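Please keep the viewer open as you read.

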Amino acid sequence: MENGFAFDWKRAIDRNFDVLECIVLRLLAMAGVTSLRPVVDTLPRYLRFRILAILRPAEFATRRLIAVAACKLDLDVGPMRPRGGTDPRSPRGREDEKAGTRGKQAETAEGTGGDPVGVKIPAFALFDPFKPFGAPWLTPEEIAALDKPASPALFVPARPPHEPVDARALCLRIAALRNALADFDGHALRLARWRARRAAGWGRPVRLSPFRPGFPPGWVKRPKTEIGELLKECHSLGLYAWIVPDTS
C-alpha cells in the first residue's frame, strides 16, 4: 500500500503460530502423551470431550494459517508443469511427484511411514472435510414408518463421565497436528503448488478452496476462550488471503 499501512502478514502468521504451538503442548499434556508413550489407549470420557473441544477448532485454525502462508509468503513453487509431468533436468529430481503424493495423502488423511516407536501417524489434512449431509429423500423403510404411530422414546441413561473410552485415534490426531506445525513451511509450499496448478487450469477442479462453506466448528461471534479467538482470527485471515488477490 502506498500510504505505508500495509498489513504485516508474516507477523500475523508468527503470532498465531506461537499460539497454536502452546495449544498443541497443552493438548499433549492433557492427553498424557510423552515421547515414551506417544499413544494413550484410554482416557476418561469427560477428558476426551474436553480435548476434542480444543483439538477440532485447532485443526481448522491450522489449515487456515497454512492457507495464509501459501498465499502471502514468498514461496518458490518452482516451474509449473502439467500434472504428472517431471522435468528430468530439474535438480530437485522427483520432488514434485513426491509433493503431489504427500498432498494427496494429506487431503485423505492417509498414514505415512517413518513415525517414532513404530506408530503410524496419519498425515494432516490440508483440506476441510465436507459436512456430513444426509440424503435429501426418504428411504422406503422411513416412508413405511410414517404410517405407523411413533413408539415412545426409551430412556437413555447418562453415561458415567469417568468411564474409560478409546483415545488412540484422538492421540494420533494430536500427533498429526504437531507434525503439521513442525513442517509448516512444507505444508504451505504444497498448498501453494496446488493453488498455482489450479489457477493454471491443470487438472479437474475437485476442490476450489481448502475451506468448506460456512463457519468452522467452534467459531463464535464473541469468543471467550483462547482457541475461540484464534479460530476467529485465522478464519478471517484465511478467507481474505485466499479470495483477495495480493497486490503488494
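## Cysteines and burial

A residue counts as buried when its relative accessible area is under 20%, as exposed when that area is over 50%, and as partly exposed in between. In this predicted model, Cys71 has a relative accessible area of 12%, so it is buried. Cys22 has a value of 45% and is therefore partly exposed. As for disulfides, a search of the whole structure turns up zero.

Before zooming in, a word on confidence. The average pLDDT of the chain is 79, and 73% of the residues score at least 70. Residues 84–114 have a pLDDT below 50, and this stretch has 40 contacts in the model beyond near neighbours in sequence. Where pLDDT is low, the predicted coordinates should not be read in detail.

## Aromatic pairs

How many aromatic pairs does the structure hold? There are seven aromatic pairs. One of them joins Phe7 and Trp9: the ring centres are 4.8 Å apart and the planes meet at 75°, which is over 60 degrees, so the pair counts as edge-to-face. Trp9 is buried because its relative accessible area is 14%, under the 20% limit.

Phe17 and Phe184 make another edge-to-face pair, with 5.3 Å from centre to centre and 70° between the planes. Phe17 belongs to helix H1 (residues 9–31) and Phe184 to helix H6 (residues 184–199), so this pair ties together parts that are 167 residues apart in sequence. Both Phe17 and Phe184 are buried. Elsewhere, a cluster made by ring pairs takes in Phe127, Trp194, Phe211 and Trp242.

## Charges over rings

Which ring has the charged end of Arg195 over it? That ring belongs to Trp242, with the charged end of Arg195 at 4.7 Å from its centre. Trp242 is also a member of the ring cluster with Phe127, Trp194 and Phe211. A further case involves Arg63, which lies over the face of Phe60 at 4.9 Å from the ring centre.

## A histidine in helix H6

Is His187 buried or exposed? Its relative accessible area is 9%, which is under 20%, so His187 is buried. His187 is found in helix H6, the helix that also holds Phe184. Leaving aside residues up to four places away in sequence, His187 touches Ile66, Phe124, Leu126, Asn179 and Ala180.

Technical notes
Residues numbered from 1 in each chain as written. Predicted model: local features only at pLDDT ≥ 70, side-chain atom pairs only at ≥ 80, totals over all residues. Heavy atoms only, no water. pLDDT = per-residue confidence, 0-100. Contact = heavy atoms within 4.5 Å. Phe/Tyr/Trp six-rings, centres within 6.5 Å; stacked < 30°, edge-to-face > 60°. Buried < 20%, exposed > 50% of the residue type's maximum accessible area, 1.4 Å probe, protein only. Helix = DSSP H or I, 4+ residues; strand = E, 2+ residues; numbered from the N terminus. Lys NZ or Arg CZ within 6 Å of the ring centre and 35° of its normal. Disulfide = S-S within 2.5 Å.
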